[in-house]
Amino acid sequence: MRLEPIAEPSLARRLTPPALAIVASFVVAALLALIAGGNPFAVFGLIFKGAFGSKFALLETLNRATPLIFTGLAVSVAFRAKLWNIGAEAQFYAGAVMTVVLGTGMLTLPPMLMLPLLAVTAALAGALVLLIPALLKTRFGVDEVVTTLLFNFIFLLFVSYLLEGPLKDPMGMGWPKSARLIPEARLPRIVDGLRLHWGFALALISALALWVIDRKTTLGFEMRAVGQNAEAARFAGIPVTKVILKTALLSGGLAALGGYSEVAGLKGSLTQDISPGFGYTGIVVAMLALLNPLGVVLAAFFVAAIFVGADSMSRAIGVPSYLADIMLASALLLMVLAILLTKFRVRRG
């Protein structure tokens with residue numbers, strides 16, 4: 001057996017394997033539901049109802065999708081340029097920390113000024129966190145997979161220190177959490193009485209802006225060229241090192257905006273468990289979207305629906321909600337295989 005490259009994959013070739021990967025992940029989940037003693041049709045029906053069965057459920061799904069859009073965009077833009085950013089979790093927390101540092105009383109400005117300022121400073125914090133591994137990669141050839149992954153643990157410990165020390169809420173009755181943001185620093189709700197906030201709109205704008213950058217600008221072309229073949233791009237006169245650094249700044253800033261929106265829009269304060277793994281799940285979202293910025297929105301919505309619906313399903317019939325994790329893990333593995341099959345065909349001999 002050998003793999004033969006496909007010069008120009010057809011539209012059907014590009015879409016069929018990913019679609020089959022999603023279907024196969026549902027088949028795997030159905031088998032596991034049977035093993036757990038549940039009816040697969042009832043399980044999937046309850047997942048759908050839990051994610052879309054009411055206005056509250058739908059808005060909660062959109063709420064859960066918001067940070068996943070940001071981390072999915074961060075991963076997609078980095079991976080497209082072959083910058084393997086596994087550290088979106090650290091960048092997410094960097095944005096959350098900066099939001100709390102400036103938004104709990106250090107500055108008091110009108111919301112029209114306060115909110116953009118917090119967003120920009122949060123994005124800068126995340127950009128700087130990823131800039132360090134990018135510099136190590138471009139200057140010394142250090143593998144960014146290792147450095148970005150280790151930064152997740154380093155930054156989480158740093159957050160723990162901050163919440164037990166400088167940022168600890170003196171009125172928090174000893175709990176390791178920050179003080180609450182002042183009202184001027186809070187993102188308003190889109191729907192009164194429900195939790196969906198304007199961070200979701202910011203996520204959609206970010207996805208559209210990244211698509212424009214990717215498809216309509218010189219930087220987007222350079223990132224794609226570097227991702228396809230860095231040596232050929234360098235030979236063609238593209239400044240590869242600068243492109244990688246710009247990609248790192250953009251990717252880190254997007255992940256940090258997820259932390260900003262989660263604190264300013266939803267939680268109102270920082271805790272160590274504010275992210276249940278949004279940075280890592282962003283990798284799944286980006287791969288399911290085939291690194292397409294607009295596809296990231298749909299993939300994040302799909303992943304969020306699985307998680308929200310699985311929680312509801314688990315409470316209803318007792319099948320473990322870990323079924324959602326297995327579905328996404330199998331979807332990721334199958335999607336990697338699908339991407340391979342879109343670019344190569346299997347030949348005998």
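**A cavity and a helix, by question**

Student: How much space lies in the largest cavity?
Tutor: This is a predicted model, where local features need pLDDT of at least 70, side-chain atom pairs count only at pLDDT 80 or more, and totals for chains, interfaces and linings use all residues. Residues are numbered from 1 along each chain as its sequence is written, and side-chain values use heavy atoms, leaving out hydrogens and water. A search of the whole structure gives 1 cavity of 30 Å³ or more. The space in the largest cavity is about 40 Å³.

Student: Which element gives the largest share of the lining of the largest cavity?
Tutor: The lining includes S76, V77, R80, L210 and D214. Helix 3 (55-80) and helix 7 (199-216) are the elements that give two or more residues to that lining. The largest share, 3 residues, comes from helix 3.

Student: Where does helix 5 bend?
Tutor: Let's follow helix 5, residues 111-140, which reaches 43 Å from its first C-alpha to its last, close to the 44 Å expected at 1.5 Å a residue. A proline, P133, follows the bend within four residues. The bend, about 25 degrees, is at L131.

Student: Which elements do the buried residues of helix 13 pack against?
Tutor: Buried means under 20% relative accessible area, with a 1.4 Å probe and protein chains only. Among the buried residues of helix 13 are L323, M327 and T342. Counting contact as heavy atoms within 4.5 Å, these buried residues pack against helix 1 (11-35), helix 2 (40-52), helix 11 (278-288), helix 12 (293-317) and strand 2 (344-347).

Notes: Expected span 1.5 Å × (residues − 1). Bend = angle between axes of the 7 residues up to and from the residue. 1 Å grid on protein atoms, 1.4 Å probe; cavity = no way out; pocket = protein on both sides within 12 Å on 5 of 7 lines; lining within 4 Å. Points joined across faces, edges and corners; volume = space filled by probe spheres on them. Buried < 20%, exposed > 50% of the residue type's maximum accessible area, 1.4 Å probe, protein only.
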